[in-house]
Amino acid sequence: MTLADAPLPPPVDAPGRAGIPYQDLIRPLQVHGSLYTDPAIFADELAKIWYRTWVYVGHVSEIAEPNDYVRKNIGPQDVVMTRDAAGEVHLLLNRCAHRGNLVCEADSGNSSSFRCPYHGWTYRNTGEMVGYPLVQGYGGKKQFSLGLGRVPRVAVYQGFVFGSFAEEGPTLREHLGEAAGEIDRLVRLSPEGEIEISAGWLKHRARANWKLLAENETDGYHPQFVHSSIFSVAQSGIGALYGDRSIAVTRALGNGHSENDLRPEFRRIGTPLGWFGTTEARMPDYSAKMRSLHGDAAEEILIDGGPHVMIFPNLFIAEIQMFAIQPLAANLTVQHVTAVQFKGAPDMNRRMLQQCVGSVGPAGLLLADDTEMYERNQAGVAELRPEWLDVRRGAHREYVDERGLTVGGATDETGMRGFWAHYKQLMTEGRAS
């Protein structure tokens with residue numbers, strides 16, 4: 001029996017479960033284990049985080065043409081992302097207004113309408129009802145004010161589509177804050193100033209709480225231990241960038257976002273495309289396009305590379321690949337993974353796709369390593385003692401930079417502390433963010 005097949009221990013009851021006192025479960029340098037195991041806490045998270053704050057849903061390139069659609073999710077909610085004939089993007093809930101059946105079966109396609117297979121009720125790809133059969137049963141041909149459910153707020157930043165179930169609250173740009181600049185960094189690496197999500201998505205199931213995944217994405221303490229095998233096989237120097245001698249930093253970007261900023265190391269080395277493990281000589285077409293587009297600024301762009309950023313609560317951009325976290329239960333999460341593709345860079349895209357498959361594909365080692373750790377963590381936090389998890393690493397050497405952001409060393413838990421501070425705010429105040 002593998003760890004993935006083994007039954008998980010029962011959840012530990014959280015103190016004060018009837019009215020969960022999150023201020024008592026989250027300390028400055030510790031978090032309580034029940035935050036990862038308690039189904040009541042998970043239900044509360046859906047209400048106060050996933051169904052209130054801005055959540056990454058998809059990318060406009062996935063619905064490039066009028067009437068394109070693709071099925072996505074916000075937590076457990078099945079969402080259909082559509083582009084109508086006028087080009088507007090909509091996020092619709094995949095549930096018929098009649099008897100609750102799913103109206104969209106295919107993962108993607110092109111259609112101006114959706115017809116429920118149960119009783120034939122039909123809806124436009126904007127969500128409005130078109131009609132229903134056997135109208136006499138409803139007193140003749142009438143138009144009900146019944147349509148598909150909608151995600152009330154939809155916003156797009158650099159092609160990334162986000163949705164919020166909250167009718168009111170901060171704008172997407174306010175939510176992203178400093179993390180918007182990391183998305184800009186990614187897009188700037190495209191010779192045409194756009195990225196595309198066209199390689200398809202892989203789904204990885206982890207028997208673990210979603211927060212274990214979110215914490216891990218910018219945890220610079222684990223790579224040399226957990227990923228030593230893939231670093232050795234690939235002869236990668238990335239592992240050395242996460243150590244006490246590294247000049248890379250971990251930065252809390254506010255609103256729960258965080259990054260591992262490896263640019264100080266890449267700039268010290270000073271090799272364009274070194275961050276990608278290659279050289280301009282091996283990517284001549286891409287390099288020429290970038291230098292033509294950006295002029296003198298191209299040197300720094302090609303040295304700095306892509307971001308390594310976790311955008312609260314569910315989008316992780318790891319230089320050349322993207323991860324979308326989908327929580328399904330207190331102990332079950334699906335991680336959707338794809339390769340980033342730069343518009344106008346076929347030579348670069350082929351290599352990015354190959355590297356993505358090698359690290360996070362079905363036989364890839366990188367995500368397999370992480371998933372084993374997630375599931376071992378989930379089993380461990382359900383044990384009764386010790387009750388608390390420690391997140392103090394590097395707290396004594398943090399500093400505030402010129403932007404007012406908290407910065408720690410490459411292996412410090414600065415990002416985790418930023419995550420938990422924002423989590424606590426949302427769970428205690430219950431406001432959108």
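His 222 touches Asn 216, His 227 and Asp 370, leaving aside residues up to four places away in sequence. This histidine is found in the loop between helix H5 (210-216) and helix H6 (223-226). His 222 counts as buried, at 13% relative accessibility. The model is predicted. It holds 17 aromatic pairs and zero disulfides.

**Aromatic pair: Tyr 51 and Phe 165**

- The ring centres of Tyr 51 and Phe 165 are 5.5 Å apart.
- Their planes stand at 80 degrees, so the pair is edge-to-face.
- Tyr 51 lies in the loop between helix H2 (39-50) and strand S2 (55-59).
- Phe 165 lies in the loop between strand S11 (160-164) and helix H3 (172-176).
- The pair therefore ties together parts that are 114 residues apart in sequence.
- Tyr 51 is partly exposed, with a relative accessible area of 23%.
- Phe 165 is buried, with a relative accessible area of 19%; the cut-off for buried is under 20%.

**Aromatic pair: Phe 312 and Phe 419**

- The rings of Phe 312 and Phe 419 have their centres 5.4 Å apart.
- Their planes are at 55 degrees, so this pair is tilted.
- Phe 312 sits in the loop between strand S16 (308-311) and strand S17 (315-318).
- Phe 419 belongs to helix H13 (residues 414-429).
- The pair links distant parts of the chain, 107 residues apart.
- Phe 312 is buried, with a relative accessible area of 1%.
- Phe 419 also counts as buried, at 4% relative accessibility.

**A ring cluster, and charges over rings**

- Phe 312 and Phe 419 belong to a cluster linked by ring pairs.
- Arg 393 lies over the face of Tyr 221, at 3.9 Å from the ring centre.

- Which cysteine sulfur is nearest to that of Cys 96? The sulfur of Cys 116 is, 3.9 Å away.
- Cys 96 is in no disulfide. A disulfide needs two cysteine sulfur atoms within 2.5 Å.
- Cys 96 is buried, with a relative accessible area of 3%.
- The closest cysteine sulfur to that of Cys 104 is also in Cys 116.
- That sulfur is 12 Å from the one in Cys 104, too far for a bond.
- Cys 104 is buried, with a relative accessible area of 2%.

- Strands pair through backbone hydrogen bonds, either parallel or antiparallel.
- Strand S3 (residues 68-74) and S6 run antiparallel, joined by three bridges.
- Asp 68 stands opposite Asn 110 in S6.

Terms used:
Residues are numbered from 1 along each chain as its sequence is written. This is a predicted model: local features need pLDDT of at least 70, side-chain atom pairs count only at pLDDT 80 or more; totals for chains, interfaces and linings use all residues. Side-chain values use heavy atoms; hydrogens and water are left out. Rings of Phe, Tyr and Trp (its six-membered ring) pair if their centres lie within 6.5 Å; planes under 30 degrees apart count as stacked, over 60 as edge-to-face and the rest as tilted. Helices (H or I, at least four residues) and strands (E, at least two) are DSSP runs, numbered from the N terminus. Buried means under 20% relative accessible area, exposed over 50%, partly exposed in between (1.4 Å probe, protein chains only). A charge sits over a ring if NZ of Lys or CZ of Arg is within 6 Å of the ring centre and within 35 degrees of the ring normal. Two strands pair if DSSP finds at least two bridges between them. Contact means heavy atoms within 4.5 Å.
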